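The sequence and the structure are shown first.

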Amino acid sequence: MIDVHAHLGKVMHGYPALTAEKLLRFMDQYGIAKSVILPLVAPEEEDYYYTTEQALADCAKHPDRLIPFANMDPRRGQNDGSYDFYPVLKEYADSGCKGFGEILANLPTNDPRMKGIYRACGRLGFPVVFDFRWLRTSGVTDPVGMPFLEECLKEFPETVFVGHGPSWWAEISADVTAEQKKDYPKGPLVTPGRIDHLLATYPNLHADLSANSAINAFSRDLVYARKFVLRHYKKLMFGTDRFVREEEPVMIDLLRNMNLPKEIETAVFTHNAEHLLNLPNGAHSFVPTSPEEKNRRSAKCKQ
Ligand SMILES: [Zn+2]
């Protein structure tokens, strides 16, 4: 398995730091071969930054397990959309970064400052991970129906956009309201939702299945969620977004309990990420080495 959405560092006041050692133990426990480390650099989101340089340094100690992404605040430069992100991002790419994100700046998806990032990432082949939301006035914003995202999908066909976050997953239901996009809406789905249409229409749109927002969306209607995965499985990637509360990866069981065809399950858990990030194949057959995990697995087999 590959987790395309993981975090490290001391980012929130009052919580212990997320260390690479703890993350590796967690990965071993759940059979996760590799994790993508997303730096966090939005002033409205964290108490402390976890920078691209820190991600590169942490990942360099575990190159077979941890994959660094780059991150820069869209308001870099003169905060007017004129900044050229390419030179710095090219340096990060040359240092080993495989993508960009996650973006938590509280800006509209189609803001000129955001477009500067998409332009540079398209040139570098960096997928861009977003956190779409309104919660606590952080995260990227888009009105109901995500017209700003659609504008950018058309304008930057070379750039891969990866959807994530409450305001993205709220759009799994066609009757979503602006108020619901601020939250984790409950209740049955009216289908197909807007993200169904966007994923079907734009080859450069993908999504990660990380965090409570994806778990909440799928849990609203597991029968529909299974159909959603079957329709879009080539563009969906497993992730955890394990954060300061060190949440358990509920999505693993949620996907396994869907009884998907094996090749579809493997695509979502592993192969799509390998393909998108140009990683060597092999994470699917990862066998954790920790004795606890070996015991846990053999106990599970005997059940
Ligand atoms: Zn995250």
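A charge is taken to sit over a ring if NZ of Lys or CZ of Arg is within 6 Å of the ring centre and within 35 degrees of the ring normal. In this predicted model, Arg242 lies over the face of Phe26, at 4.0 Å from the ring centre. Arg123 is likewise placed over the face of Tyr86, at 3.6 Å from the ring centre.

Tyr86 and Arg123 also belong to a helix contact, in which Tyr86, Leu89, Lys90 and Ala93 of α3 meet Ala120, Cys121, Arg123 and Leu124 of α4. The residues of this contact comprise 6 nonpolar, no polar and 2 charged. Helix α3 spans residues 86–95 and helix α4 residues 112–124; their axes come within 10 Å and cross at roughly 40°. The two helices are therefore oblique to each other, and their crossing is right-handed.

Helix α7 passes α9 in a left-handed crossing. Ile195, Asp196, Leu199 and Ala200 of α7 make the contact with Tyr224, Phe228, Arg231 and His232 of α9. These residues divide into 5 nonpolar, 1 polar and 2 charged.

Across the whole structure, a search finds 13 aromatic pairs.

Terms used. Residues are numbered from 1 along each chain as its sequence is written. This is a predicted model: local features need pLDDT of at least 70, side-chain atom pairs count only at pLDDT 80 or more; totals for chains, interfaces and linings use all residues. Side-chain values use heavy atoms; hydrogens and water are left out. A crossing is left-handed if the near helix is turned anticlockwise from the far one by less than a right angle, and right-handed if clockwise. Helices (H or I, at least four residues) and strands (E, at least two) are DSSP runs, numbered from the N terminus. Contact means heavy atoms within 4.5 Å. Ala, Val, Leu, Ile, Met, Phe, Trp, Tyr, Cys and Pro count as nonpolar, Asp, Glu, Lys and Arg as charged, and the others, Gly among them, as polar. Rings of Phe, Tyr and Trp (its six-membered ring) pair if their centres lie within 6.5 Å; planes under 30 degrees apart count as stacked, over 60 as edge-to-face and the rest as tilted. Axes are lines fitted to C-alpha atoms, for helices over the stretch in contact, and angles run from 0 to 180 degrees between N-to-C directions. Angles under 35 degrees count as roughly parallel, over 145 as roughly antiparallel, 65 to 115 as roughly perpendicular and the rest as oblique.
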